[in-house]
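Please read this briefing alongside the sequence and the coordinates. It turns to strand pairing and then to charged side chains.

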Amino acid sequence: MVEVPLKDPSMVVRSAEPYNAGPPLETLRMSLLTPVQLFFVRNHGTVPVVDAAAYRLTVSGLVDRELRLSLVALQREFAPSTVAATIQCAGNRRRELNAVRSIEGEIPWDAEAVGTATWTGVPLGAVLRAAGARDLGRYVHLLGLDTVATDTQGFGGSIPLEKAMSPEVLLAYEMNGSPLLPVHGFPLRVVVPGYIGARSVKWLRSIFVAAEPSRNYFQSHAYKWFPPHIRAQTVDWTAGLTLTEPPVSAVICTPREGQRLQAGHLTTTGYAFAGGGRQIARVEVSADGGMHWEAAQLVGEAHAWAWRFWEAHLRLLPGRRPIVARAEDSAGAGQPPEPASVWNFKGYVNNAWHRVTVEVV
Ligand SMILES: Nc1nc2c(c(=O)[nH]1)N[C@H]1C(S)=C(S)[C@@H](COP(=O)(O)O)O[C@H]1N2
Ligand SMILES: [Mo]
């Protein structure tokens with residue numbers, strides 16, 4: 001039997017089981033819609049093998065009518081919707097935080113734990129309306145079918161009911177026009193545009209409407225944000241901030257760290273993304289570590305929930321040259337210069353200026 005490669009051979013595999021991998025940055029920058037074969041994968045446990053015909057999604061909790069939906073029923077009873085959206089892992093750019101102070105037990109992602117696809121499915125809000133979500137409900141709990149080590153329930157989380165009712169939040173069965181791959185949540189996943197990737201629960205088992213956020217490990221412990229002085233050994237988990245919308249961040253995709261370049265003209269390229277549906281207002285690039293800045297051009301169309309590609313033209317003089325990028329979003333938020341100022345012991349949402357040092361000859 002011919003083995004069908006699920007992912008491009010260029011993928012940088014961070015762990016084989018569970019499978020965690022992402023593309024080289026220069027490859028990621030080649031297409032505004034990330035090909036499925038190059039889309040990063042973040043798994044906390046086993047990839048469940050789901051029989052699409054036997055699959056049922058349950059909707060319960062603070063609802064007037066409990067629902068139990070097959071994939072066919074979901075597709076027949078609700079109007080489909082397609083959204084172009086970026087999914088970015090909260091751990092994206094952890095490697096730079098690791099260099100400040102080591103972060104134990106977490107994947108040292110470079111800036112490749114992000115991708116953009118068109119997602120087709122049914123708006124979560126339409127399903128919640130069909131179930132008659134009650135006023136007392138404030139949160140929508142989402143639970144996957146995968147087995148994970150840290151929570152006997154499996155991988156889960158919750159989002160505010162208000163966000164769940166927003167039209168961009170989908171129960172998706174297609175990615176870039178094809179059925180989801182097993183590693184991306186086949187047959188059905190949640191896509192929560194504008195939120196950290198962890199809320200886009202794959203292999204969705206159940207939806208539960210409640211007055212309180214989920215107590216699942218991945219909502220109550222993991223994916224919380226703490227200030228730089230807090231350590232894993234002494235942490236009070238209840239004091240952490242729940243991560244929702246990632247802050248604005250620009251990333252240099254070309255050139256790569258340590259690359260040798262000829263002096264003179266250089267076109268540097270990258271992506272920029274902000275959570276919460278905020279747009280990229282401006283990207284700036286420096287060839288001298290952040291003393292002088294050049295405006296970058298934003299390329300391609302802007303989509304409400306997707307990243308923006310950019311490119312900038314620099315003149316390089318011989319020597320070791322630190323190229324730096326930073327962005328501002330439509331709410332006027334910018335990025336901090338140093339990763340040390342945003343270091344946190346879980347290594348989440350690093351959005352310090354992105355820096356790539358090249359050797360110019
Ligand atoms: N059921 C389940 N859903 C999950 C995860 C998981 O391990 N199990 N990982 C989450 C995390 S942390 C991220 S960043 C995204 C990654 O989506 P992708 O693997 O399709 O890129 O899926 C989220 N949904
Ligand atoms: Mo993630």
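The points below are grouped by topic and describe a predicted model. The count of salt bridges in this model comes to 15, and an open sheet of four strands is also described.

**The four-stranded sheet**

- The strands of this open sheet follow the order E16-E18-E22-E21, and their pairing is antiparallel.
- Strand E16 (249-254) and strand E21 (297-299) form the edges, each pairing on one side only, while neighbouring strands are turned by 35 degrees against each other on average, direction ignored.
- E21 pairs with strand E22 (residues 308-316) in the antiparallel sense over three bridges, and Gln-297 stands opposite Glu-311 in E22.

**Salt bridges**

- Arg-95 forms a salt bridge with Asp-110, with the closest N and O atoms 3.5 Å apart, and this pair links helix H3 (residues 94-100) to the loop between H3 and strand E7 (114-123), the two residues being 15 residues apart.
- Arg-95 is partly exposed at a relative accessible area of 40%, whereas Asp-110 is buried at 10%.
- Both Arg-95 and Asp-110 belong to a network of salt bridges that also includes Glu-26 and Arg-256.
- Glu-284 and Arg-326 meet through their side chains in a salt bridge of 2.9 Å, N to O, which links strand E19 (residues 280-286) to strand E23 (residues 319-329) across 42 residues.
- Glu-284 is buried, because its relative accessible area of 18% lies under the 20% cut-off, whereas Arg-326, at 23%, counts as partly exposed.
- Arg-93 and Glu-96 form a salt bridge whose closest N and O atoms are 2.7 Å apart, and both residues are buried.

How values were computed. Residues are numbered from 1 along each chain as its sequence is written. Chains are lettered from A and ligands numbered from 1 in the order in which they are written. This is a predicted model: local features need pLDDT of at least 70, side-chain atom pairs count only at pLDDT 80 or more; totals for chains, interfaces and linings use all residues. Side-chain values use heavy atoms; hydrogens and water are left out. Two strands pair if DSSP finds at least two bridges between them. Axes are lines fitted to C-alpha atoms, for helices over the stretch in contact, and angles run from 0 to 180 degrees between N-to-C directions. A salt bridge is a side-chain nitrogen of Lys or Arg within 4 Å of a carboxyl oxygen of Asp or Glu. Buried means under 20% relative accessible area, exposed over 50%, partly exposed in between (1.4 Å probe, protein chains only).
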